[in-house]
Amino acid sequence: MKEMIFRFVVGGTAVCFFSALGDILKPKSFAGLLGAAPSVALATLSLTLLADGKNYAQIEARSMVLGGFAFFVYAAFVAWLLVRHESVRKRFSVLTIASSSLLVWFSVALGAFYAASRR
Amino acid sequence: MKLLKVEIDLSALKQIKWYEYAIRFLFGGAVTVTAGLIAKRWGPELGGLFLAFPAIFPASVTLVDKKEKEKKAKAGIDGTNRGRLLAGLDAAGATLGSLGLIGFAIAVWTLIVDHPAWLVLLAATFAWMFISGVLWYLRKTKYGLRIFQSRHHQHQDISSH
């Protein structure tokens, strides 16, 4: 339980730090880079290294490559909908588009994971 | 070589309400705990995927949209379309950041076993910054990724805000 609370605090703090950086930077397209900052990764890997060692962290990082690819597809999809599709932009809120599109992340990440684990 | 200006506006911090940070803290903490629990239950192979989960992305782009709408509302203008376009631009930035995230993961994956952990995490963070920054620069200059450019170039006016 203690470890979970510690994880929660470290992860929350890392995310707040990177999002505050995103808030103060201009132009917005540059600040948007911070939307994909390795905040959760830094927090998780630091704690993993302390508790489970380097080999365990290496396996997590290898899988993170697939998660990162899924993030790329997800963010590109959201940007594509909001920038290129006026009808979608007019009809749905940003929160609806960004939240429902998380299905894209799950599909790509788990699909890539399944494909990689079968090789 | 074209120079692009990146500015720091500390006054923007004052505009963020405490509960917006609380939401980010909760989401960030929850995803970090979830990633740890998944790794413990199903192994680091599956848990590692969630190290690149877009934890606060929906909240961040919503905030961008909300702020723009509020700004326009003060001037008596409906900023719905503009706010959503700006959020799309933020998402396009995150697309490039996610390629940096892949670079981060590859750096940790390939270096962590043979080098000091703190140095690898530092190098991986620099790799993320470098890759994201270079891609952003290329996008803003002549190698711009056309997929994210509006047909009517509506966002060109707002990209500097």
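The following dialogue discusses how terms are applied to a predicted model.

Modeller: This is a predicted model, in which local features need pLDDT of at least 70 and side-chain atom pairs count only at pLDDT 80 or more, while totals for chains, interfaces and linings use all residues. Residues are numbered from 1 along each chain as its sequence is written, chains are lettered from A in the order in which they are written, and side-chain values use heavy atoms, with hydrogens and water left out.

Biologist: What is the average pLDDT of chain B?

Modeller: pLDDT is the predictor's confidence in each residue, from 0 to 100. Chain B averages 83, and 85% of the residues score at least 70. Over residues 150-157 of chain B, pLDDT stays under 50. The model scores ipTM 0.91 and pTM 0.86.

Biologist: Why is Thr32(B) called buried?

Modeller: A residue is buried under 20% relative accessible area, exposed over 50%, and partly exposed in between, with a 1.4 Å probe and protein chains only. Thr32(B) has 0% relative accessibility, and therefore counts as buried. Thr32(B) lies in helix α2 (residues 18-42) of chain B, where helices are DSSP runs (H or I) of at least four residues, numbered from the N terminus.

Biologist: Which residues does Thr32(B) touch?

Modeller: Contact means heavy atoms within 4.5 Å. Leaving out residues up to four places away in sequence, Thr32(B) touches Arg7(A), Gly11(A), Val40(A), Ala43(A) and Thr44(A).

Biologist: What makes the pair of Lys40(B) and Glu3(A) a salt bridge?

Modeller: A salt bridge is a side-chain nitrogen of Lys or Arg within 4 Å of a carboxyl oxygen of Asp or Glu. The closest N and O atoms of Lys40(B) and Glu3(A) are 3.7 Å apart, so the pair meets this definition. The pair crosses between chains, from helix α2 of chain B to helix α1 (residues 2-24) of chain A. Lys40(B), at 47% relative accessible area, is partly exposed, and Glu3(A), at 33%, is partly exposed.

Biologist: How are helix α5 and helix α6 of chain B packed?

Modeller: Two packed helices are described by the angle between their axes and the distance between the axes. Helix α5 (residues 80-111) and helix α6 (residues 117-140) of chain B pack at about 145°, with their axes 8 Å apart. Axes are lines fitted to C-alpha atoms, for helices over the stretch in contact, and angles run from 0 to 180 degrees between N-to-C directions.

Note on methods. Helix = DSSP H or I, 4+ residues; strand = E, 2+ residues; numbered from the N terminus.
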